[in-house]
Amino acid sequence: INPLLGTLFVPALYYLGRELYDEQTGRLATALACFTPFIFNMSSEFMNHASALLFTTLFLIYYFRTLRNSAKTTVSNPLLAGLFLGLVVNIRPYTAAAIALPFGLYGLWLAVREPGHYISRFALMLLTLAATSRLLLIYNWLTNGHPLLFGYVVKWGQGHEVGFGKSAWGPMHTPLKGLLNTGNDHNLLNKFLFEWPMPSILPTAILFASGTRDRRDWLLLASFLSLTWAHFFYWFHNVCFGPRFLYESSPALLLLTVRGFSSLGTLLRRAFRLPTRDSAVAILVGRTLPLMLLFMAGSGLPPLFRLYRTYGGVSRQVQRNVQRLGLKNALVFCEHLGNGFSFNSLNLDGDVVYAKDHGPLINAALTVRYPERSYFFARGDTIRPIEDIRFPQSRLRTVLGYLNTFLLDSVPLDQYRYVFWPFADLPPFLPDPAPPVVDYREASREIFTGRRTMDDYLPAIGCWLLKDAREHLKIFSAMNDVQHFISDRFKFTLLNITPGGEAAIYDIRPATGQEITLPR
């Protein structure tokens with residue numbers, strides 16, 4: 001999908017350049033986009049920036065068509081502008097708000113200045129934007145329990161939001177960190193945008209140093225600066241195919257780069273009072289730009305191809321080995337999920353299913369879903385069969401059996417509200433009446449989404465597999481230390497450990513100072 005979206009961006013950029021400026025600007029920007037490493041690589045991976053870039057470009061086309069003060073302006077232009085911006089909201093809402101801010105302010109200024117021409121147009125745009133953006137709120141409500149609760153918060157917990165003093169992990173975000181992140185992003189952009197032997201933003205700087213007064217130039221620059229400013233307040237920063245948080249400003253930067261080359265003559269005349277003719281500048285640009293494109297294609301892209309071939313652990317090596325060996329009806333556990341998960345069918349029912357390796361103890365649980373398959377472990381170039389992993393003969397069944405027996409023989413279950421259990425699909429056998437059984441991941445999702453709190457489950461008995469790396473509340477991981485402890489105002493009292501040391505049983509309740517009687 002992303003390579004297709006990146007390909008569609010190229011003609012969209014051409015139409016934007018032609019709409020804003022002229023045919024030549026559109027063609028030059030398009031030629032530049034075809035070789036730009038930032039576009040090439042960001043459109044070759046799995047993140048959602050490629051779709052956000054395409055719809056941002058389409059929004060800009062129809063936004064500027066909406067501004068036409070002529071008979072060519074139709075109702076469809078503001079409707080389509082609102083639709084495409086709404087799609088960006090559904091994909092990357094924070095990016096959409098940052099990109100749209102200067103265009104919204106400019107539209108407001110026009111509506112106040114000439115209400116007869118612009119109020120009805122921008123009203124249509126806003127109505128379409130609101131209708132399309134509602135899809136995101138509905139999606140959040142259906143999946144996360146609240147229209148304004150986003151998946152990142154559900155997955156990672158509080159602190160993933162925008163603002164100072166927040167951080168899902170690591171040090172809290174501060175203005176100093178924001179300033180450092182912004183500087184790093186601009187340095188990265190100077191390299192990754194074009195991979196030229198000069199700063200990539202230099203042509204844009206030339207355009208504004210030449211004294212341009214074209215509002216279109218300033219609006220494009222404002223959208224880039226607005227996106228930069230927005231991520232000044234965001235705690236997370238990394239280098240992934242370049243400064244990816246600024247990726248949606250690429251159409252503005254590509255057009256401003258072409259405009260910067262075209263304004264070189266104006267800058268030379270103003271700076272050095274030279275009688276530079278436009279024809280001389282055209283020759284200079286005509287010879288320089290092709291050399292830059294050749295440098296990008298010959299020197300900039302090849303090292304990145306080698307770097308990104310297995311970037312982030314994503315590789316086809318395991319899948320190729322599976323095909324070479326002719327594996328059928330197989331379940332393959334991969335050391336890194338990126339080695340195979342993207343080759344799964346959407347229903348996870350293909351002839352070969354790829355799963356994350358969590359160790360033999362936890363892997364055995366997945367064989368309940370795939371009981372008649374052959375099982376393999378894959379790491380790099382190695383694929384080896386796994387024996388004795390089927391659940392009925394596995395160590396996991398023995399461990400769960402021990403936990404179940406302890407619950408039946410040694411725990412006063414009527415004193416507990418819930419039983420935390422490792423696997424919802426492999427519940428313990430408890431007598432009626434017995435407290436409800438919930439697995440750690442389900443409880444974590446309920447707490448993250450605000451549907452419940454930890455107090456709603458307590459007091460609870462917790463049967464914990466040590467070193468369980470699957471996703472769950474961080475507080476549960478502290479049970480790996482196999483000791484009594486108090487954490488986040490909750491008291492964990494160790495009751496028992498399995499003979500092989502694979503699992504532990506805890507009494508979990510609020511740390512109110514109440515004494516509990518440990519079973520013998």
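Biologist: Why is Leu101 called partly exposed?
Modeller: This is a predicted model. The relative accessibility of Leu101 is 38%. Buried means under 20% and exposed over 50%, so Leu101, at 38%, counts as partly exposed. Leu101 lies in helix 6.

Biologist: What makes the nonpolar surface patch to which Leu101 belongs?
Modeller: Leu101, Leu105 and Trp229 make this patch, which covers about 330 Å².

Biologist: How do you know that the length of helix 5 agrees with its number of residues?
Modeller: Helix 5 has 16 residues, numbered 76–91.

Biologist: Which residues of helix 5 are buried, and against what do they pack?
Modeller: Among the buried ones are Asn77, Pro78, Phe84, Leu85 and Val88. The buried residues of helix 5 pack against helix 4, helix 6 and helix 7.

Biologist: Which residues touch the most other members of the largest nonpolar core?
Modeller: That core has 75 residues, and Leu32, Phe59, Tyr63 and Phe64 touch the most other members. Helix 4, residues 49–66, gives the most to this core, with eleven residues. Apart from this core lies another, of 34 residues, including Ile389 and Ile505. In soluble globular proteins, nonpolar side chains tend to be buried together.

Biologist: What does Leu32 touch, residues up to four places away in sequence not being counted?
Modeller: Its partners include Phe194, Trp196, Leu254 and Met296.

Biologist: Why is the pair Glu23 and Arg27 called a salt bridge?
Modeller: The cut-off is 4 Å between a side-chain nitrogen of Lys or Arg and a carboxyl oxygen of Asp or Glu. For Glu23 and Arg27 the N to O distance is 2.9 Å, so the pair qualifies. Both residues lie in helix 2, four residues apart, which is about one turn of the helix. Glu23, at 28% relative accessibility, counts as partly exposed, whereas Arg27, at 56%, counts as exposed.

Biologist: How many salt bridges does this rule give?
Modeller: The count comes to 15.

Biologist: How do you know that Arg92 and Glu248 form a salt bridge?
Modeller: Their closest N and O atoms are 3.8 Å apart, and the limit is 4 Å, so the pair counts as a salt bridge. Arg92 lies in the loop between helix 5 and helix 6, and Glu248 in the loop between helix 11 and helix 12, so the pair ties together parts that are 156 residues apart in sequence. Both Arg92 and Glu248 are buried.

Biologist: What distance separates N and O in the salt bridge of Arg259 and Asp217?
Modeller: The distance is 2.7 Å. The pair links distant parts of the chain, with Arg259 in helix 12 and Asp217 in helix 11, 42 residues apart. Asp217 has a relative accessible area of 0% and is therefore buried. Salt bridges that share partners join Asp214, Arg216, Asp217 and Arg259 into one network.

Conventions
Residues are numbered from 1 along each chain as its sequence is written. This is a predicted model: local features need pLDDT of at least 70, side-chain atom pairs count only at pLDDT 80 or more; totals for chains, interfaces and linings use all residues. Side-chain values use heavy atoms; hydrogens and water are left out. A nonpolar core is a set of buried Ala, Val, Leu, Ile, Met, Phe, Trp, Tyr and Cys residues joined through side-chain atoms within 4.5 Å. Buried means under 20% relative accessible area, exposed over 50%, partly exposed in between (1.4 Å probe, protein chains only). Helices (H or I, at least four residues) and strands (E, at least two) are DSSP runs, numbered from the N terminus. Contact means heavy atoms within 4.5 Å. The expected span of a helix is 1.5 Å times one less than its number of residues. Patches are made of residues with over 30% relative accessible area and no salt bridge: like charges are joined within 9 Å, nonpolar side chains (Val, Leu, Ile, Met, Phe, Trp, Tyr) within 5 Å. Accessible areas come from the Shrake-Rupley method with a 1.4 Å probe; for residues, only the protein chains shown count as cover.
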